[in-house]
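Here is a predicted model to work through.

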Amino acid sequence: MRTPRQRLIGFVASVVAGIFAVSVGVLVASTLVDEPAALGAPAAAPPITRQQVIAATKGRQTIATRIDRIEAKLTTWMEFQIARGVTDEFIAAMQPDREIWLVAVSGEFRPQLARGEVFRWGIVAYDANTGADAFTFAGHESWPDMFARVRDRGK
Amino acid sequence: MTTRPYVGDTDCPHGGNLASVACLLYLAPDSAYITETKFSQYTMTMPDYLVDAGNHILQGLWTYSGSPCTSFVEQVYVYGLDYHRYYEYALVRRYETPPPGQPSYQHYPDGVTSNSGEYVMFQTEYTSDTTWRMWRGASLRAQFSGGGLGYGSCIAQAGLEVSRYGSGVQSGYVSYTMNHDTYWYDQNRQGKGGWAQGTERRYQQYPCYLGQVPPNCLNGQWNSGVQWSANKP
């Protein structure tokens with residue numbers, strides 16, 4: 001048999017738990033609703049096109065010295081960082097919402113500041129609004145997994 | 001098959017490009033926590049056709065880390081990078097064994113600049129727990145962690161690098177940027193002075209010694225225990 005005091009405590013506990021559950025539910029729901037909306041928002045076409053960045057990368061004949069495969073995706077710096085699992089990095093020149101074209105190539109890739117090292121893949125990133133170089137990545141695998149995980153905003 | 005970064009010198013690793021660099025060597029493994037160089041940005045040139053062919057001329061700071069001591073971060077003042085006919089800064093990371101899923105090589109353009117004589121400081125700082133910072137003056141340019149590098153630096157370099165110079169191309173290169181004031185700090189962040197002082201510092205790499213003339217060397221000498229001078233008149 002519960003005493004009035006115990007019932008009161010139980011009631012208060014139920015109310016608190018209910019408020020907590022609703023709050024969490026609202027939070028989760030808002031996250032679920034907001035996230036796809038943010039990621040899925042149709043991007044206005046940037047001034048720089050897919051064809052332009054692919055052509056520019058092919059033109060870097062002393063860097064992309066052999067191209068077996070080439071693909072481009074439109075994304076933002078923040079989305080790319082999330083796709084490659086990096087959350088604690090700061091690069092002053094890169095703002096989170098900076099829109100960039102990623103051009104991935106496989107074959108032979110020789111970036112200028114790599115001291116002559118030859119890689120099997122490269123990613124050349126361009127600012128989607130200006131066409132300026134944003135960054136260059138390279139690696140020794142056959143194809144960059146991080147690129148495969150990027151959602152293409154340009155499609 | 002990859003080209004190792006040891007081309008040119010087994011003690012003070014460097015790529016295939018001709019360089020005149022001061023080298024901070026024989027450190028206890030990864031014992032330098034801060035390495036830096038300061039210099040004034042003056043004119044550097046190379047012919048347009050060489051820039052268009054993917055060549056560059058730069059003055060920079062390289063900080064090696066890891067075991068073996070082959071991973072590095074690099075900060076440069078460069079002309080000709082990625083076919084650009086202008087002066088700019090750039091940041092580079094090269095991992096011997098990158099963190100899982102990450103690239104072996106990363107390079108970020110870090111802003112257009114000029115040859116107006118501005119005094120600049122490049123600094124690489126190892127903080128703790130695998131975190132590294134790259135500074136330009138008082139401006140933090142990059143911070144990253146997650147492994148792939150060691151704990152502090154085992155070798156550092158500062159000076160001039162040119163690509164293709166001497167391989168049938170001998171004219172049109174100039175670097176009036178020259179004097180690097182080099183410093184380093186240990187694990188306790190105690191200043192250890194310039195790189196030319198003490199037994200663990202040495203200079204290298206292709207400076208012109210007595211009787212030598214370019215193109216098989218570049219000018220390079222210690223002006224003092226602090227200052228390495230690397231130029232090409």
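Q: Which strands stand at the edges of the open sheet, each with a single partner strand?
A: The sheet has 8 strands with antiparallel pairing, in the order S2(A)-S10(B)-S9(B)-S8(B)-S2(B)-S13(B)-S16(B)-S15(B). An edge strand has a single partner, so one of its sides has no neighbour in the sheet. That describes strand S2 (90-91) of chain A and strand S15 (219-222) of chain B.

Q: Which element gives the most residues to the side of chain B that touches chain A?
A: The contact draws 33 residues from chain B and 28 residues from chain A. Elements of chain B that give two or more residues to this side are strand S6 (87-94), strand S7 (105-112) and strand S10 (139-144). With 7 residues, the top contributor is S7(B).

Q: What is the bridge partner of Ala138(A) in S7(B)?
A: Strand S5 (residues 133-139) of chain A runs antiparallel to S7(B), and 3 bridges join them. In S7(B), the partner of Ala138(A) is Tyr105(B).

Q: Is Asp82(B) buried or exposed?
A: Asp82(B) sits in the loop between S5 and S6 of chain B. Its phi is near 50°, a positive value in a residue other than glycine. A residue counts as buried at 20 or more other C-beta atoms within 10 Å. Asp82(B) has 21, so the residue is buried.

Q: Is Arg189(B) buried or exposed?
A: Arg189(B) is in the loop between S13 and strand S14 (201-203) of chain B. Phi is near 60° here, a positive value in a residue other than glycine. Arg189(B) has 9, so the residue is exposed.

Q: Where does Pro68(B) lie?
A: The peptide bond from Ser67(B) to Pro68(B) is cis, with omega near 5°. Pro68(B) lies between strand S4 (57-65) and strand S5 (71-79) of chain B, in the loop.

Methods
Residues numbered from 1 in each chain as written. Chains lettered and ligands numbered in written order. Predicted model: local features only at pLDDT ≥ 70, side-chain atom pairs only at ≥ 80, totals over all residues. Contact = placed C-beta atoms within 7 Å. Helix = DSSP H or I, 4+ residues; strand = E, 2+ residues; numbered from the N terminus. Pairing = 2+ DSSP bridges. Buried ≥ 20, exposed ≤ 12 C-beta atoms within 10 Å, placed from the backbone.
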